[in-house]
Structures are given as C-alpha cells and as structure tokens.
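Please look over the structure below. This report then walks through some of its parts, starting from a single residue.

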Amino acid sequence: MIEDEIRAILKSLLEKSKAKQIEWSSFGETPYDDDYVVSFPKSSVNVFRSHGVIGATIMNSVGTVVGSISSDENESDAEMLKELFESAREQVFRIDETLEDLKRALASKQVIARPSAAPITEDDIPF
Amino acid sequence: METLRLIWAWVQNNSSGLSILLSLAGFAFLWLQTRKARTAAEAARMATERALRAISDSDTISDLATIKSGMKGVQVALHGGRYETALLQSQSLRETLDQLRSRRGFGTDERGSRIQSMVTFFGKLQDALERRLAEPEFQVSVRPANRKLSDYTSEVSVWMEEMRFLRGGSSND
C-alpha cells in the first residue's frame with residue numbers, strides 16, 4: 001500500500017531531519033497555517049498544519065501530489081507527523097539556535113546591550 | 001644500351017625485393033590517405049556534435065527566458081489581483097521547469113533539487129489561487145509570494161548567464 005511506503009519514507013525523513021541532514025524551506029504563501037517543504041531532485045515532501053491537523057504529502061517531478069497522510073486519519077501517524085512538523089519548523093525558524101543564543105548571552109556576566117550615550121536623532125540618519 | 005641491359009638484369013635479379021618495397025610504399029600511401037580521411041570524418045562528426053549542442057543550448061536559453069518572463073508575469077498578475085491568469089501561468093511554468101531536467105547542465109542532483117523547489121512552489125501557489133477563486137474571502141498574501149518569485153527569477157537569470165557564457169562551446173557534460 002502506498003500509505004505504508006509513505007510512512008516508511010517519512011520515518012527516514014524524520015531521522016534525517018533530526019540529524020539536520022536535510023534542508024526544509026517555507027514558501028510563506030500557502031492555504032495552510034504552517035507549511036514546510038523539502039525538495040529532492042525529482043520529488044518533494046510537504047508537511048503542514050491546518051486547523052490543528054498535521055498532514056504530509058509527497059509530490060512528483062511536476063509538483064502533483066502522489067500520496068498523503070494526515071494526523072486525523074490514523075492515530076498512529078499523529079506522533080510521527082507531529083515530530084516531523086516540529087523538526088521542520090525548528091529548522092526553518094532556527095528556534096533551538098535562537099533560544100540557545102539568548103540563553104548563552106543572558107548567562108554571560110558581560111554587559112550585553114549597553115545603552116547608547118546619546119540617543120539617535122533624525123540628523124544621524126543619512127537619508 | 002649496355003647500361004639499360006645491366007639495369008634490366010638487376011631488376012630481374014631483385015624483382016621480389018622490389019615488389020615488397022613497392023607494396024610497402026603503396027601501403028604507406030594508402031594508410032596516410034585513410035588517416036587523412038578518418039581525421040576529416042572525425043572533424044566533421046565533432047563539428048556536427050558541436051552544432052547540435054549549440055542548437056540545444058539555444059533552446060535551453062530560450063526556455064529559461066520563457067520561464068523568467070513567466071515568473072514576472074505571475075508577479076504582475078498577483079499584484080493586479082488577476083488570480084486566474086496567475087493560476088494558468090503557474091501551471092505552464094511547472095511543465096516548462098520540469099522539461100529543463102533533461103537539458104545539458106541541468107542533470108545534476110543539485111540543479112534537480114532547485115527545479116523541484118520551484119515546481120513545488122508553483123504547485124502550492126496554484127493550491128492557494130484555486131482556493132482564492134473558489135472562496136473569495138480567502139486572502140492570498142501577495143508580498144511573500146512575489147518575494148519568492150523574485151528569488152527564483154534571479155536564480156533563473158544566473159542559469160541563463162551560465163548557459164550563455166560559461167557553458168557555451170564547452171564539451172563537458
């Protein structure tokens with residue numbers, strides 16, 4: 001069954017995503033709330049969240065959907081899809097990296113953001 | 001007369017050796033001619049291959065120009081709220097982009113992945129546009145879509161330059 005193959009592919013994708021061995025991207029213009037894509041030479045995988053439901057689709061070389069699964073259709077897929085979605089989202093927005101940077105900066109005893117001696121005025125901006 | 005008689009006698013005595021020498025000379029001449037002909041045929045074949053490659057590259061450059069212009073067309077259509085036009089152009093772009101995969105210089109995995117990224121983007125954009133046409137209250141965020149289209153247009157421009165000036169005349173790939 002194609003769904004079983006899709007599950008196997010998505011599990012492999014999740015492992016690679018967790019290991020940061022694939023590059024997710026976000027198009028910013030989709031009908032869904034959150035939408036992430038990873039492209040391969042002749043196929044792509046799209047994971048998205050819409051109204052609380054997480055789905056994943058596999059597209060062929062012309063961008064036509066050839067198979068999909070979603071968290072509301074099969075309970076056992078929900079956890080894997082959630083992990084995949086979070087991993088893609090984390091990578092696109094660099095959430096861990098950003099939080100780590102903030103934690104490191106705040107843990108430092110050095111002065112991090114010294115207030116400017118004189119406030120910037122309109123004359124300081126050359127345009 | 002005496003001299004001629006002596007020469008004739010020498011020829012008669014050494015006729016087999018002379019035959020061999022003449023045969024060798026004939027063979028050498030024939031070999032040289034064949035080599036010349038083969039070199040000319042090889043040169044003609046290479047020239048034909050170069051010409052075919054140049055024609056194929058011209059087609060690719062033309063297709064890239066069509067893609068670039070199509071992407072700009074989608075940007076203009078989105079900006080003007082002409083969603084049906086943008087939808088039709090997106091479909092056409094998906095097909096033309098897919099055809100690039102078989103062209104010289106576009107067979108690598110890296111290039112394939114970039115083409116796939118564009119094809120997927122247009123597929124997703126079509127989804128959004130179809131939904132907009134079916135549900136007029138659904139809003140299409142034009143700015144992020146146009147920003148992505150600008151990125152892709154720049155990338156296609158780089159490919160065009162590469163085909164025109166870097167790959168032109170190269171026998172690689």
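## A residue and its neighbours

Leave aside residues up to four places away in sequence, and A:Phe85 touches A:Val47, A:Arg49 and A:Ile54. This is a predicted model. A:Phe85 belongs to helix H2 of chain A.

Is A:Phe85 buried or exposed? Count the other C-beta atoms within 10 Å of its own: there are 22. A residue needs 20 or more to be called buried. A:Phe85 is therefore buried.

Sequence distance and spatial distance tell separate stories here. A:Phe85 and A:Leu14 are 71 residues apart in sequence. In space, their C-alpha atoms are 9.0 Å apart.

## Chain A in outline

Chain A has three helices and four strands. Along the sequence, they follow the pattern α-β-β-β-β-α-α.

The chain holds 127 residues, and 27% of them are buried. Now take the contacts in chain A between residues at least 6 apart in sequence. Of these, 40% join residues at least 24 apart.

## Helix H1 of chain A

H1(A) covers residues 2-18. How far apart are its end C-alpha atoms? They are 24 Å apart. At 1.5 Å a residue, the 17 residues should span 24 Å, so the two values agree.

## Where two helices cross

H1(A) and H2(A) come within 10 Å of each other, axis to axis. H2(A) covers residues 75-93. The axes cross at roughly 35°, and the crossing is left-handed.

Which residues meet at this crossing? H1(A) brings A:Arg7, A:Leu10, A:Lys11, A:Leu13, A:Leu14, A:Ser17 and A:Lys18. H2(A) brings A:Asp77, A:Met80, A:Glu83, A:Leu84, A:Ser87, A:Ala88 and A:Gln91. By class, the residues of this contact are six nonpolar, three polar and five charged.

Helix H3 of chain A covers residues 95-107. From first C-alpha to last, its 13 residues reach 18 Å, close to the 18 Å expected at 1.5 Å a residue. How many of its residues are buried? The count is zero, and H3(A) is hardly covered.

Most residues other than glycine have a negative phi.

A:Lys20 is not a glycine, yet it has a positive phi of about 55°.

A:His51 is not a glycine either, and its phi is positive, at about 50°. A:His51 sits in the loop between E2 and E3 of chain A. With 7 other C-beta atoms within 10 Å, A:His51 is exposed.

## Over to chain B

Helix H2 of chain B covers residues 15-79, which is 65 residues. It reaches 95 Å from first C-alpha to last, close to the 96 Å expected at 1.5 Å a residue.

The buried residues in H2(B) include B:Thr60, B:Leu64, B:Ile67, B:Gly70 and B:Met71. B:Val74, B:Gln75, B:Ala77 and B:Leu78 are buried too. What do the buried residues of H2(B) pack against? They pack against helix H3 (83-100) and helix H5 (142-166) of chain B. Just after H2(B), B:Gly81 takes a positive phi of about 70°.

## Where the chains meet

Chain A puts 17 residues in contact with 22 residues of chain B. The chain A side has seven nonpolar, eight polar and two charged residues.

Conventions. Residues are numbered from 1 along each chain as its sequence is written. Chains are lettered from A and ligands numbered from 1 in the order in which they are written. This is a predicted model: local features need pLDDT of at least 70, side-chain atom pairs count only at pLDDT 80 or more; totals for chains, interfaces and linings use all residues. Two residues are in contact if their C-beta atoms, placed from the backbone, lie within 7 Å. Ala, Val, Leu, Ile, Met, Phe, Trp, Tyr, Cys and Pro count as nonpolar, Asp, Glu, Lys and Arg as charged, and the others, Gly among them, as polar. Axes are lines fitted to C-alpha atoms, for helices over the stretch in contact, and angles run from 0 to 180 degrees between N-to-C directions. A crossing is left-handed if the near helix is turned anticlockwise from the far one by less than a right angle, and right-handed if clockwise. A residue is buried if 20 or more other C-beta atoms lie within 10 Å of its own, exposed if 12 or fewer, and partly exposed in between; C-beta atoms are placed from the backbone. The expected span of a helix is 1.5 Å times one less than its number of residues.
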